Amino acid sequence: MSILSHHHHHQAATIRHRHNHHNRRHDHRVYCAVTTQITTRPKPEPLVIKTTPLLTPPRADDPSLKSTWSHRAWVASGCGTVLASLASTVIGSYDSHIWLEPVLSGFIGYLFADLGSGVYHWGIDNYGDASTPVFGSQIDAFQGHHKWPWTITKRQFANNLHALARVITYTVLPIDLVFHDQPVVMGFVGMAGGCIMFSQQFHAWAHGTKSKLPAAVVALQEAGVLVSRSQHGAHHQQPYNNNYCIVSGVWNRFLDENKVFEALEMVLYFKLGLRPRSWSEPNSDWTEEVEESPGTYLP
């Protein structure tokens with residue numbers, strides 16, 4: 001056996017067999033080659049630890065809290081559609097000489113808006129995350145709101161309302177065009193649409209300081225027409241699973257005492273396996289941080 005080397009290691013073995021057959025001699029040589037590949041070990045890359053920056057609340061002068069012309073345009077559009085609904089209600093009531101039915105339908109619309117705000121608020125507080133389609137940004141924003149609730153008082157008016165104003169424009173405008181001659185329908189749509197669009201402003205006022213709020217707003221809060229500061233303040237305290245309605249808050253007592261949302265959570269859990277966030281112990285995402293340097297309220 002011999003070993004041959006040319007950049008690679010070769011090992012050769014010769015086996016000789018001798019056979020006598022008819023006085024003839026045969027030699028058989030078998031060559032076995034073993035090749036060992038030399039691989040180059042890659043140089044180790046330096047270990048890089050990626051860290052996620054800590055989230056911080058926006059400053060009072062943060063551009064994300066300011067209103068843009070696009071925001072103002074959507075709010076103007078939303079207000080226009082709501083006013084068109086209410087105008088159709090008045091004109092239709094005058095022409096048909098009926099007033100009680102449109103007024104009652106408007107009151108029902110007001111109650112519907114408060115209930116709807118509670119159901120929606122409960123849903124985005126407890127389910128989904130920032131990656132959820134359509135609602136992800138709002139879910140993320142409401143989670144941040146639990147941590148820094150006072151930032152909503154620093155949002156300018158159109159900045160705070162533009163998202164809902166866009167929804168109201170797309171929803172109410174077609175209804176205005178189809179049912180403009182039916183004052184009862186328009187009464188419900190106009191009041192419900194207006195309260196839903198302005199619910200975020202009612203929400204902001206519920207976080208405002210009494211001395212910095214307009215006197216009319218304080219009076220409406222104390223009368224129960226708008227959600228009060230004390231009632232909504234209970235939502236931002238443990239166990240964070242009550243007082244979800246943010247228009248007038250008139251539904252909060254009924255929903256909480258009858259455990260309506262808890263029943264819905266059980267249904268979703270057993271049917272779909274969805275566990276609400278309110279079932280978990282409050283963590284840093286729910287715990288409110290105190291404002292270090294109080295800012296001014298931006299109307």
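Author: Start with helix α5, residues 183-206, in this predicted model. The 24 residues of α5 reach 32 Å from first C-alpha to last.

Reader: What span is expected for α5 at 1.5 Å a residue?

Author: The expected value is 34 Å, and the 32 Å found is close to it. There is a bend, though: about 45° at Ser 199.

Reader: What makes α5 mostly covered?

Author: The count of buried residues: 18 of 24. Buried means under 20% relative accessible area.

Reader: How many aromatic pairs does the structure hold?

Author: The structure holds 12. One of them joins Phe 112 and Phe 188.

Reader: Why is the pair of Phe 112 and Phe 188 called tilted?

Author: The ring centres lie 5.6 Å apart, and the limit for a pair is 6.5 Å, so the two rings pair. The planes make an angle of 50°. Stacked needs under 30 degrees and edge-to-face over 60, so tilted is what remains. The pair links distant parts of the chain: Phe 112 is in helix α2, Phe 188 in α5, 76 residues apart. Phe 112 is partly exposed, at 45%.

Reader: Which residues form an aromatic cluster?

Author: Trp 122, Tyr 127, Tyr 244 and Phe 261 form one.

Reader: How do you know that the charged end of Arg 72 sits over the ring of Trp 69?

Author: The charged end is 4.7 Å from the ring centre.

Reader: What makes Glu 222 and Lys 210 a salt bridge?

Author: Their N to O distance is 3.1 Å. The cut-off is 4 Å, so the pair qualifies. Glu 222 lies in helix α6, and Lys 210 in the loop between α5 and α6, 12 residues apart. Glu 222 is exposed at 56%, while Lys 210 is partly exposed at 44%.

Reader: How many salt bridges does the count come to?

Author: The count is 3. Among them is Glu 257 with Arg 253, at 3.0 Å. Both lie in helix α8, 4 residues apart, about one turn. Lys 259 and Glu 262 also meet in a salt bridge, at 3.9 Å. The limit is 4 Å, so this pair counts too.

Reader: Why is Arg 253 called exposed?

Author: Its relative accessible area is 62%. Exposed means over 50%, so the label follows.

How values were computed. Residues numbered from 1 in each chain as written. Predicted model: local features only at pLDDT ≥ 70, side-chain atom pairs only at ≥ 80, totals over all residues. Heavy atoms only, no water. Helix = DSSP H or I, 4+ residues; strand = E, 2+ residues; numbered from the N terminus. Expected span 1.5 Å × (residues − 1). Bend = angle between axes of the 7 residues up to and from the residue. Buried < 20%, exposed > 50% of the residue type's maximum accessible area, 1.4 Å probe, protein only. Phe/Tyr/Trp six-rings, centres within 6.5 Å; stacked < 30°, edge-to-face > 60°. Lys NZ or Arg CZ within 6 Å of the ring centre and 35° of its normal. Salt bridge = Lys/Arg side-chain N within 4 Å of Asp/Glu carboxyl O.
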